[in-house]
Amino acid sequence: MAIDHRIPVSLELLRQLHHVHKQQAELQGQLDRGPRQIKAGEALVAKASQELESAKQKLKQAKMSCDEKTLQLKSREDGIKSLQVKLNAAKSNREFDTFKEQIAADEQANLVLSDEILEALEKIDELTAAVTAAEQELKQQIAAQEKRVVEVSQRMLVKEEELVLVRERLAKAEKEIPASARPDYDRLVDQRGEEALAPIDLEDESCGGCYQTLTTQLIESVRLQFLIRCPNCNAMLYLAK
Ligand SMILES: [Zn+2]
C-alpha cells in the first residue's frame, strides 16, 4: 500500500500521461503485428510451394509408371511377333498349338495392359491440371505476399513516425512529474507499461485497472490532486474527465 498524501500531482497531467501511454502501447502493438503478418504470408507462400512440388512429384511418378507400362506393352508386342514367326514355322501341331496359346495369352495380357495405360494417361491429364492449378496458386500467393510486404512496410513507417511523436509527447509530459514521484513512476512504467496508471471508476468507486473497490477517503485524496496508488494493483490513480 503506497499512499503518499504529501506528493501533489495534477490530475490533468495523470490523464495526459495515461492517454499518451495508451497511444504508445497501441502503436507498439501495431508495429509488432507487422512482422507477424509478413511471416504468416511467408508461410502461405511456402505451403503453396510445397503443394506445387508434391503435385509435380505425383505427375512425375505417374508418367514413369505409364512409360514402364508402355515399354512392357511394346516388348510383349515384339514377343508376339516373334512367336508368330515361330508359329508359321511350327513343325508339329503340338508346337503350333503351344505357340498359338502363348500368343493368345500375351495378347490378352496386352489388352489388360492397354486399359491400364489408358487409365494412366487419364490420371496424367488430371495430375497435369493439378500442377497447373498449384502453379497458379503459388503465383497468386507470391503476388499477395509482395503486396502485403509493401503495405505492411508502408504502414509500419507511418506508425514508427507516429511513435516518435508520441514518445516526444510522453517525454515532455513526464518532465512535469514531481521529482519525488519520478523513481516510482519510472519503475511502475517499466513493469506495467500503460497499466502504470488507471482512472477511477466513480460509479463503482473502483480502480479502472483492477476493479478493486476504493475507499471514499482515497478517492477524495485523488480528487484533491495527490499522487495516490491503487492499494491492489499499484497503479497511479486519476479521475477521468
Ligand atoms: Zn487497481
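Reader: What should I know about the basis of the values?

Author: This is a predicted model in which local features need pLDDT of at least 70 and side-chain atom pairs count only at pLDDT 80 or more, while totals for chains, interfaces and linings use all residues. Residues are numbered from 1 along each chain as its sequence is written, and side-chain values use heavy atoms, with hydrogens and water left out.

Reader: Why is the pair Lys241 and Glu12 called a salt bridge?

Author: A salt bridge requires a side-chain nitrogen of Lys or Arg within 4 Å of a carboxyl oxygen of Asp or Glu; the closest N and O atoms of Lys241 and Glu12 are 3.4 Å apart, so the pair qualifies. Lys241 lies in the segment after β5 (236-239) and Glu12 in helix α1 (residues 11-88), so the pair ties together parts that are 229 residues apart in sequence.

Reader: What makes Lys241 exposed and Glu12 partly exposed?

Author: Buried means under 20% relative accessible area, exposed over 50%, and partly exposed in between (1.4 Å probe, protein chains only). Lys241 has 81% and is therefore exposed, whereas Glu12, at 39%, counts as partly exposed.

Reader: How do you know that Asp184 forms a salt bridge with Arg229, and why is Arg229 called buried?

Author: The closest N and O atoms of Asp184 and Arg229 are 2.5 Å apart, which places the pair among the salt bridges. Asp184 lies in helix α3 and Arg229 in the loop between β4 (226-228) and β5, so parts 45 residues apart in sequence are tied together. Arg229 has a relative accessibility of 8%, and therefore counts as buried.

Methods
Helix = DSSP H or I, 4+ residues; strand = E, 2+ residues; numbered from the N terminus.
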